[in-house]
Amino acid sequence: MITSFLVKSLDRTILIAAALLLALAVLVPALNLLTAPDHPLHVPTYLVSLFGKYLTYALLALALDLVWGFCGILSLGHAAFFALGGYAMGMYLMRQIGARGSYGNPLLPDFMVFLNWKELPWFWYGFDMFWFAALMVVVVPGLIAFVFGWFAFRSRVNGVYLSIITQAMTYALLLAFFRNDMGFGGNNGLTDFKDILGFNIQADGTRAALFAASALALALSLVVTSGIVRSKFGKVLVALRDAESRTRFLGYRVEHMKLFAFTVSAMMAGVAGALYVPQVGIINPGEFEPGNSIEVVIWTAVGGRGTLIGPIIGAILVNGGKSIFTAAFPEFWLFALGGLFVLVTLFLPKGVVGTAQQYLARRKAHRAAERQDGESDKEQGATAPEAMAAE
Amino acid sequence: MTGKKPKSLLYLDGVSVSFDGFKALNSLSFIVEPGELRAIIGPNGAGKTTMMDIITGKTRPDAGEVFFKGDIDLTKKDEAEIAQLGIGRKFQKPTVFENHTVWDNLELALNRRRGVFATLFYRITGEDKARIEEILSIVRLAARRDDLAANLSHGQKQWLEIGMLLAQEPELLLVDEPVAGMTDAETAETAILLKEIARTRSVVVVEHDMGFIRDLGVKVTCLAEGSVLAEGSIDFVSNDPKVIENYLGR
Amino acid sequence: MHRIARTLLLAFLLVAAIAPGLRAEEPLRELIDALGQAKLSDMDEHIAALAKTGDPKVVPVLEALGEGNLYARKADGQVFLTKESGSTLSLTDPVSGESVGEAPKAALSKVKVNNGVRRAVRSALGSLTLLSPDRDARLKAAQSVLQSPNAEALGAIEDALAAEKDGEVRALLEQARATTLIISDRPVEEKRQAVRLLKENGGREALSILSAALNAADDSLKPDIEAAVASIEQSQALWAAGQNVWYGLSLGSVLLLAAIGLAITFGVMGIINMAHGEMVMLGAYTTFLVQEVIRDSLPGLFDWSLAIALPLAFLVTGTVGLAMERGVIRFLYGRPLETLLATWGISLILQQAVRTIFGPTNREVGNPSWMSGAFELGGLTVTWNRLWIILFALAVFAALLFLLKKTPMGLQMRAVTQNRRMASSMGIRTPWVDALTFALGSGIAGMAGVALSQIDNVSPNLGQGYIIDSFMVVVFGGVGNLWGTLVGAFSLGILNKFLEPYAGAVLGKILVLVLIILFIQKRPRGLFALKGRAVEA
Amino acid sequence: MTIRARVTGAFLAAVLSTTAFNGAFAADDTIKVGILHSLSGTMAISETTLKDAMLMLIEEQNKKGGLLGKKLEAVVVDPASDWPLFAEKARELISVNKVSAVFGCWTSVSRKSVLPVFEELNSILFYPVQYEGEESQRNVFYTGAAPNQQAIPAVDYLMENEEVERWVLAGTDYVYPRTTNKILEAYLISKGVKPEDIMINYTPFGHSDWQTIVSDIKKFGSAGKKTAVVSTINGDANVPFYKELANQGIKAEDIPVVAFSVGEEELAGLDTGPLVGHLAAWNYFQSVDNPANAEFIKTWKAYTKNDKRVTNDPMEAHYIGFNMWLKAVEKAGTTDTDAVLDAMVGISVPNLSGGYSTMMPNHHITKPVLIGEIQADGQFETVWETPGLVVGDEWSDYLPDSKDLISDWRAPMSCGNFNVSTGKCGGKGS
């Protein structure tokens with residue numbers, strides 16, 4: 001069964017993309033660590049971290065695409081799962097500091113010491129062990145998504161209503177994590193990490209390894225997502241996206257299908273967050289900002305929703321643009337970014353990848369049509385996922 | 001409970017439902033026997049579609065009983081459960097999965113285990129393939145098996161949807177205006193198809209097209225304002241003065 | 001004894017006031033000039049000395065001191081009343097009351113004031129003007145002796161009370177007398193009466209005075225004061241519930257204003273309009289511009305600034321909305337989720353444009369006089385700006401409802417949103433109706449911005465603060481239903497305000513969000529959902 | 001697929017070429033100074049001014065001939081109020097643009113976010129904003145006020161001059177107010193204030209509906225004792241807070257509010273008429289009357305071409321920090337980080353309030369503390385001033401866990417958190 005799942009997932013595009021990611025996972029760290037800084041092929045550590053960050057964003061966008069592109073659930077709260085995964089990892093990293101904090105308290109993180117906490121809150125126990133933290137990275141977002149989805153999908157909350165309550169969810173989490181009384185460091189969040197699994201978090205080697213881990217995680221998720229999407233389950237997802245009632249009347253438990261996709265997606269987002277935190281060195285409630293979740297939607301849309309490669313390209317494009325623009329035109333980059341979103345929605349409604357696919361498909365169809373003496377009047381364009389958008 | 005209940009396939013008694021004060025169904029009672037083909041007529045707003053909604057679990061009645069196969073209370077179940085029990089439904093507007101191929105549409109409809117993991121690790125078997133091929137030829141779409149459903153003509157979509165219902169292997173089939181928008185030839189063929197289908201299962205057809213209903217030649221129920229106005233053969237019903245006043249005459 | 005002496009003194013003061021010539025000018029000038037040299041800590045004594053003269057000329061001097069318009073000439077230490085004109089000050093001699101020309105600011109140093117000085121000035125002015133012939137001045141004086149009770153002023157208050165005819169001033173003076181009496185060294189019986197009076201009048205100030213007096217009070221008086229405190233506290237607690245409802249209504253009206261434009265662009269038209277907050281912001285900036293022009297050229301019109309800003313804000317944001325619809329949104333009908341992306345992009349652009357043009361900092365939008373301050377309604381404190389905002393929100397709602405339900409324009413709008421194809425085949429020019437509907441929603445958001453500029457920051461981030469709440473309100477109330485938005489806004493506002501005292505502002509807000517999420521489970525289409533099969537088909 | 005490869009390739013090329021492009025300027029004829037302040041997002045409201053102030057200071061210095069015979073060159077980036085982006089941009093400034101020092105950050109979280117970067121890449125950050133203390137880092141110079149340079153003198157003033165006995169500590173719920181209030185609470189209790197006379201209240205960022213809280217303050221203030229509010233409410237929330245105070249008729253003479261985050265810039269967005277007499281504690285006011293300040297204000301107005309622009313405390317902090325850095329670089333004769341770090345301690349430069357500020361071994365500076373009252377024209381009038389300079393105390397004496405810690409970055413101690421009771425330097429393991 002599992003093998004059939006894998007075999008199906010590996011169509012040519014995905015295979016190449018995954019292979020490319022694996023190559024990056026090896027090549028970039030190698031170029032960073034093994035070449036001299038003035039070597040023409042040297043990749044500076046700055047770029048390693050930067051691209052490592054993009055890869056985690058790409059993973060987040062891919063996770064969103066699974067629910068939005070294939071299942072029609074526009075989650076405006078996906079950054080929350082990302083942040084939750086990040087917090088789980090951050091808590092592990094905080095516990096690793098141990099007695100090396102400013103106050104030399106072996107148990108309590110610094111922010112608890114100076115706010116006079118006397119003992120470690122119960123939910124911080126266990127995070128000194130990596131395996132536990134790693135488990136929490138998927139369990140916590142997964143569980144929250146499961147509970148949230150269980151109620152929402154069972155009650156058939158749909159369309160914009162669902163989008164807005166996911167937004168309410170991330171907003172509520174934002175406010176909650178801002179509270180210093182919660183025990184997550186309030187606005188400052190978790191920071192000042194020292195090491196991960198015993199390796200210095202600032203060392204070039206660790207950064208390279210984190211980059212490789214991000215690339216690997218993305219490649220793996222790509223294969224898994226592709227497997228899901230290409231299975232009969234994936235077909236059901238698309239079916240319920242386009243015609244939910246019909247799918248129900250065929251006897252599918254739509255709420256279970258959605259719940260599974262939503263939970264898996266949240267777990268992927270959690271993994272992305274966990275890889276993100278050690279690379280940027282901080283996690284704070286700002287990651288729960290509703291605006292962040294909207295940005296993820298935008299990366300996915302720019303790349304092409306409902307395609308697997310699209311969100312990856314979109315995340316890297318938009319964030320790369322942001323990195324360049326914020327330095328090159330610090331006063332005007334928002335015009336560029338805002339303009340980009342408007343132009344993409346107007347002129348590339350299917351995103352970069354979707355448009356390219358459409359173009360290729362049309363050319364293929366055109367050739368096929370020529371061969372068959374132009375028999376049918378096909379409307380390739382009219383079948384896009386936005387049919388479901390009208391819901 | 002009446003003695004009739006255990007024998008009948010579908011049993012509705014005293015079903016009422018209202019939307020914002022408007023009584024869509026008013027103490028409706030209705031029985032379908034196993035293997036029966038039944039036609040339902042009635043003016044717009046008579047409660048035909050609402051009745052189907054109630055049978056398939058989309059709408060919950062305010063009052064009344066709905067039983068399937070004697071003792072299965074349908075009012076306590078949702079759409080997916082009811083579909084899995086063996087009640088299929090065809091919508092007024094053809095509803096197929098436009099972004100899937102004809103083949104995938106039928107594969108999805110096939111009466112197999114429909115759980116999350118069952119579908120996730122599903123692998124098509126020779127038996128399933130044969131069944132899909134069979135249905136493809138019944139609904140005359142074999143040549144278009146790899147085309148997206150979106151690219152089918154209106155009539156073909158109707159047929160694909162009927163094919164999907166066949167794949168679902170229901171014991172009771174609810175069909176809402178199957179010939180709307182079809183050519184005369186298509187309509188005639190659809191009548192034949194439905195009669196064929198009704199040989200192995202019960203079918204309830206909602207239609208406006210009196211010619212089509214005559215073609216079917218079955219027992220007819222006329223609904224108006226949420227309750228049964230008349231029931232019997234087409235000739236009997238169409239001569240009923242109440243029916244003429246409420247429906248045909250206008 | 002005391003009384004006779006004081007009456008004599010008062011008579012003397014009155015005579016002194018009528019006949020200024022009888023008094024030597026020089027001691028007064030000395031006292032005034034001493035202000036220029038005094039340290040902040042000694043000011044109390046100087047002010048008291050000035051007040052003791054009883055000279056009416058002291059009144060403008062003290063007023064100027066309180067307002068920070070008293071300056072000392074660096075050269076000779078002489079103190080002047082001043083008025084600012086550009087970089088120079090025009091000087092008035094405090095004794096003669098005559099203008100003595102202008103001087104550059106650098107040549108003078110300001111007589112420093114702090115809160116302590118201001119308190120002393122207020123109290124001195126109070127007792128000085130209690131007998132003023134001008135009723136308003138007496139009213140103000142009575143208020144200030146009430147606010148800063150001073151045992152020494154008791155005699156003056158009682159004298160004023162004896163002479164006072166005006167009812168309102170009398171009532172205030174009675175209170176002031178009671179308040180002052182409690183801290184004076186009068187006999188216990190008199191104090192007991194004063195306590196009773198305060199208890200009857202109630203209010204927060206009385207509570208404050210009574211609790212302060214409790215410690216120093218005579219043992220026989222303590223039970224009376226305690227009983228009075230308890231009774232006032234009890235009635236305050238009752239009023240507090242009412243106050244909470246008021247706060248809730250007020251918060252609800254802000255939510256309603258913020259959401260009502262969105263109820264059209266999102267609720268009626270189905271556009272997920274993320275730039276809605278920016279429309280509100282543009283409305284607020286329009287107000288700022290209007291006030292800026294008025295301040296520079298027509299200061300007399302300041303109280304009218306909001307009335308002028310309202311139509312302008314409607315026009316400005318309506319035009320921006322129209323441009324948005326024609327330029328971008330009309331290509332996206334039927335793809336609501338894509339409108340989210342495009343409008344998000346537009347909101348970024350608008351924010352940055354405002355930041356570039358007006359700068360990133362807050363801009364000052366003033367409250368016209370009729371929107372400042374508060375009045376007491378029983379035990380409720382009702383601030384004028386909140387009251388006006390509630391009324392305004394309701395007025396906008398009513399006008400919008402009328403427009404949609406009773407005018408041909410509204411009919412066309414509803415027709416187009418319900419069935420575009422049918423409407424267009426009936427000869428309605430749907431593209432223009434779309435554009436106008438969107439412009440209407442945007443324009444209303446702009447008008448909301450005028451109102452919100454009165455209570456919030458006017459900064460490029462203004463809109464971001466309201467966008468999420470607005471969506472919550474519209475969705476909670478039920479998309480496409482104006483009444484739902486109204487009920488949703490007010491119920492969320494009141495809920496929030498009732499949770500806040502128990503849970504705190506942050507937890508209260510979280511709880512409200514969780515309740516919205518749970519509520520949507522219960523009613524997946526909001527408070528005022530349309531039922532029936534038409535919706536789900 | 002091919003599309004993807006092409007896009008990625010183009011993008012890589014774009015990134016590399018911009019970095020190369022920036023690198024090309026890293027020639028030896030200029031000394032680069034990084035400016036890391038948000039120009040968009042929620043913090044732009046405060047930080048943009050500081051960017052302009054730095055650009056002005058750099059321009060002025062270049063007019064005077066630059067530094068070490070070279071021109072100074074400002075590198076401006078926009079971290080967009082996004083905390084992880086601060087770290088990314090700091091890294092970019094240091095390793096791509098090769099700046100010699102960075103002036104930047106406003107919020108504590110942004111500083112916390114960039115700290116590891118400065119430590120790892122060994123560069124220098126000047127941090128100009130008053131903050132909660134509890135930190136001393138080798139690569140950071142704190143030119144804003146520590147709590148003892150702002151909060152404690154303000155409370156002392158209110159106790160002595162206004163005879164306040166009851167205290168409302170109102171703040172936005174983040175680290176600075178939390179820590180400051182913890183310190184103040186301990187301090188007030190040590191001064192004999194009863195716990196029931198202290199009310200602590202926290203609100204979220206950008207809180208705009210202050211009705212309930214202001215009425216609570218009124219209620220708390222009607223217990224017959226003189227009451228004051230100590231506000232650590234953050235920037236944006238202040239405008240609606242003060243508007244509500246004014247409308248509910250709370251006058252400074254009755255319940256004064258002393259704020260630590262409200263300066264001239266924040267007042268510029270307010271009608272200050274009803275607020276006259278409310279207080280703020282800073283180390284600098286625009287109204288301070290001396291020639292250096294007059295000159296600074298003149299230059300600033302000319303630079304921004306706006307006669308209404310105001311100056312504020314964090315700008316002065318940058319002014320001090322920048323001049324200290326210039327002096328230290330001249331003293332060291334190089335911009336090399338380690339040399340400059342060594343040269344900084346003990347550097348003394350004129351501040352704008354009429355005295356000198358000195359960099360102490362704990363990387364905090366000496367400052368006077370001024371208490372000012374809000375005036376109707378949006379300025380502050382100094383009503384009280386510390387007699388001498390106050391040394392910034394990084395580890396508060398009023399918090400149990402930090403009272404044993406000291407910081408001294410001079411050799412041989414070279415430690416930011418030395419525990420005098422155990423004799424160990426924290427952060428180096430046990």
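**Note on the predicted model: chains A, C and D**

1. D:Gly34 stands opposite D:Val75 in β2(D). The model is predicted: local features need pLDDT of at least 70, side-chain atom pairs count only at pLDDT 80 or more, and totals for chains, interfaces and linings use all residues. Residues are numbered from 1 along each chain as its sequence is written, while chains are lettered from A and ligands numbered from 1 in the order in which they are written.

2. Strand β1 (residues 30-36) of chain D pairs with β2(D) in the parallel sense, over seven bridges. Strands here are DSSP runs of E, at least two residues; helices are runs of H or I, at least four residues; both are numbered from the N terminus. Two strands count as paired if DSSP finds at least two bridges between them. D:Lys32 has D:Glu73 as its bridge partner in β2(D). Six of the seven residues of β1(D) are buried, so the rest of the structure largely encloses this strand. Buried means that 20 or more other C-beta atoms lie within 10 Å of the residue's own; exposed means 12 or fewer, and partly exposed lies in between, with C-beta atoms placed from the backbone.

3. The parallel sheet of chain D. Five strands form an open sheet with parallel pairing, in the order β2-β1-β3-β4-β5. Its edge strands are β2 (71-77) and β5 (140-142), and each pairs on one side only. Neighbouring strands of this sheet are turned by 25 degrees against each other on average, direction ignored. Helix α2 (residues 44-63) of chain D packs on the sheet and touches β1, β2 and β3 (101-104) of chain D. The direction of this helix makes about 165 degrees with that of β2(D). Axes are lines fitted to C-alpha atoms, for helices over the stretch in contact; angles run from 0 to 180 degrees between N-to-C directions.

4. Strand β17 (residues 405-408) and β18(D) pair in the antiparallel sense over three bridges. D:Leu405 has D:Asn419 as its bridge partner in β18(D). Six residues lie between the strands of this hairpin, where D:Ser414 takes a positive phi near 45 degrees. β18(D) also pairs with strand β19 (residues 424-425) of chain D, antiparallel, over two bridges. Here D:Asn419 has D:Lys424 as its bridge partner in β19(D). That hairpin has four residues between its strands, and D:Gly423 takes a positive phi near 70 degrees. Strand β18 (residues 415-419) is mostly covered, with four of its five residues buried.

5. Chain D as a whole. Chain D has twelve helices and 19 strands. Its C-alpha trace spans about 70 × 55 × 50 Å along the principal axes. The radius of gyration is 22 Å, which agrees with the value near 22 Å for a compact globule of 430 residues. That radius is taken over C-alpha atoms, and the globule rule is 2.2 Å times the number of residues to the power 0.38. Of the 430 residues, 62% count as buried. Among contacts between residues at least 6 apart in sequence, 68% join residues at least 24 apart. A contact requires C-beta atoms, placed from the backbone, within 7 Å.

6. The contact of chains A and D. It takes 49 residues from chain A and 50 residues from chain D. Several helices of chain A each supply at least two residues of the side that touches chain D, including α2 (12-34), α3 (45-68) and α15 (351-371). α13(A) gives the most to that side, with nine residues. The residues of this side of chain A divide into 27 nonpolar, 18 polar and four charged. Ala, Val, Leu, Ile, Met, Phe, Trp, Tyr, Cys and Pro count as nonpolar, Asp, Glu, Lys and Arg as charged, and the others, Gly among them, as polar.

7. The sheet of chain C. Five strands form an open sheet with antiparallel pairing, in the order β4-β3-β2-β1-β5. β4 (99-104) and β5 (108-110) stand at the edges with a single partner strand each, so one side of each is left without a neighbour in the sheet. Neighbouring strands of this sheet are turned by 40 degrees against each other on average, direction ignored. Strand β1 (residues 70-73) and strand β2 (residues 79-85) of chain C run antiparallel and are joined by three bridges. C:Leu70 has C:Leu81 as its bridge partner in β2(C).

Technical notes
Two residues are in contact if their C-beta atoms, placed from the backbone, lie within 7 Å.
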